[in-house]
Amino acid sequence: MHVGVDQAISRRAVLIGATGIAGAGILSACTTGAEPSTAAADPVSAEVAGAEQSLIAQYQAFITAFPELSADLTPLLEQHADHANAIGVKATATSAPVAAADARTAIAVLADAERAAAKARRASCVAATDQGLARLVALIAASEASHAPALTRLLAT
Amino acid sequence: MTTSAIEAAISGEDACIYAYGVIGSQVRGAAKPRARKALAEHRAWRDRLQAQSTGIVAASIAYDFPFPVEDSVSAKQLAVLVENRMVGLYADLAASVAGQAREDAVTAAMECATRAIAWGGLPQAFPQG
C-alpha cells in the first residue's frame, strides 16, 4: 500500500521543484533592483521552517534520551526533515526541546506537539500568498496530523 | 481553476463514498462502525463542497479499484489508498481557494490523513495517494 522509493523521490522532486520556482521568483526580483527586503524569505516559509526545526530538535532530544524509541521515531523525524527540505528555507528552531520523565511520556509529548503543529500549519496555509506554497503546507499539515495517531498507536503496543 | 479543483474534490469524495460502501461490507468487528463513521464524514464533506460549487458533479455508478477488494485486508488497503488520495485533492483545493474555504480544505486533508493511519497506513511526509 505504501509508495515505492522511486515514487516517493519523484513526488518529493515535484514538491521541491514547485518551491524552487517560487524561490527563483524572489531571486530574479532581487537582481532587477527590487528592495533588499523582498529578497528575504517569505514569512510563511520562514515560520514553517522554524517550526520544523523545533520538531526535529524535539525528536532528536527524545531519541538521545530514550534510544529504545529510535526505530519508531526516526522515520517520523526524517519526514520533518523532508518537510524542512521542501520548504527550502534555512531556519533555527523557534523553541527549545522539553524533557520527559520516561519513554511513554516522550511519545505523548510528541503526539501533542504534532497535533499543535498541524493546526499551526493550517493557519500557515491560510496565510500563504503563493499557491505552490499553500499546497505544500497543506500536505505538511496533513502529514503532521497523521503523525499523532501513529505515535499514540505506539503506546497501545 | 477554482471550479476544477472543487469539482475534482467532489468527484474524489464520490469515489471515496462508493469505496466505503464496499469497505464497510468487507471489514469486521470494530472496523465496521469505523467504516460507517468515515462514510458519514465523507458524505458531509461532499455535500459541503457541492453547496459551494456552481457546477453539478455527477457520481459514477461504479468505480474500478486498483486491486481486488474481496476481504478485510484488501478493504483496509483500499481505505488507506482512498484517504491518502483525498489528501492530495484537498491540498489542490486548498491552493486554489482562500480564507475559510482554504482552512476547511486543510481540515479535510488532515482528517483524511489521520483516517489513513487508523486503517493501518504508514505516515508519509507528503500524503497524497
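Predicted model: local features only at pLDDT ≥ 70, side-chain atom pairs only at ≥ 80, totals over all residues.
Let me begin with chain A, whose secondary structure comes to five helices and zero strands, where helices (H or I, at least four residues) and strands (E, at least two) are DSSP runs numbered from the N terminus. Read from the N terminus on, the elements of chain A run α-α-α-α-α.

Residues are numbered from 1 along each chain as its sequence is written, and chains are lettered from A and ligands numbered from 1 in the order in which they are written.

On confidence, the model scores ipTM 0.95 and pTM 0.85. Chain A averages a pLDDT of 81, with 75% of the residues scoring at least 70, pLDDT being the predictor's confidence in each residue, from 0 to 100. Over residues 1-39 of chain A the pLDDT is below 50, and this stretch has 35 contacts in the model beyond near neighbours in sequence; two residues are in contact if their C-beta atoms, placed from the backbone, lie within 7 Å. For chain B the mean pLDDT is 94, and 98% of its residues reach 70 or more.

Staying with chain A for a moment, 35% of its 157 residues count as buried. Here a residue is buried if 20 or more other C-beta atoms lie within 10 Å of its own, exposed if 12 or fewer, and partly exposed in between, with C-beta atoms placed from the backbone. Among contacts in chain A between residues at least 6 apart in sequence, 76% join residues at least 24 apart.

Now to the place where the chains meet. The contact takes 25 residues from chain A and 31 residues from chain B. On the side of chain B that touches chain A, the elements giving two or more residues are helix 3 (72-96) and helix 4 (99-118) of chain B, and the largest share, 14 residues, comes from helix 4 of chain B. That side of chain B divides into 21 nonpolar, seven polar and three charged residues, counting Ala, Val, Leu, Ile, Met, Phe, Trp, Tyr, Cys and Pro as nonpolar, Asp, Glu, Lys and Arg as charged, and the others, Gly among them, as polar.

In soluble globular proteins, nonpolar side chains tend to be buried together. The largest nonpolar core in this model has 74 residues, of which A:Val137, A:Ala138, A:Ala141, A:Ala142, B:Tyr90, B:Ala94 and B:Ala109 touch the most other members; such a core is a set of buried Ala, Val, Leu, Ile, Met, Phe, Trp, Tyr and Cys residues joined through C-beta atoms within 7 Å. Among the elements that each supply at least two residues of this core are helix 5 (131-156) of chain A and helix 1 (2-26) of chain B, and the largest share, 14 residues, comes from helix 3 of chain B. As for A:Ala141, leaving aside its neighbours within four places in sequence, this residue is in contact with A:Ala118, A:Arg121, A:Arg122, A:Cys125, B:Val106, B:Ala109 and B:Met110.

How many of the 25 residues of helix 3 of chain B are buried? The number is 21, so helix 3 of chain B is largely enclosed by the rest of the structure.

Helix 2 of chain B is another case. Its buried residues include B:Ala31, B:Ala35, B:Ala38, B:His42, B:Trp45, B:Arg46 and B:Leu49. They cover an arc of only 105 degrees around the axis, which puts them on the same side of helix 2 of chain B, the arc being that of the directions from the helix axis to the C-beta atoms. On the other side of this helix, B:Pro33, B:Ala40, B:Ala44, B:Asp47 and B:Ala51 are exposed.

B:Arg43 lies in helix 2 of chain B and counts as partly exposed, with 15 C-beta neighbours inside 10 Å. B:Arg115 lies in helix 4 of chain B and, with 24 C-beta neighbours inside 10 Å, counts as buried. Leaving aside its neighbours within four places in sequence, B:Arg115 is in contact with B:Ala38 and B:Glu83; from B:Ala38 it is 77 residues apart in sequence and 7.9 Å apart in space, C-alpha to C-alpha.
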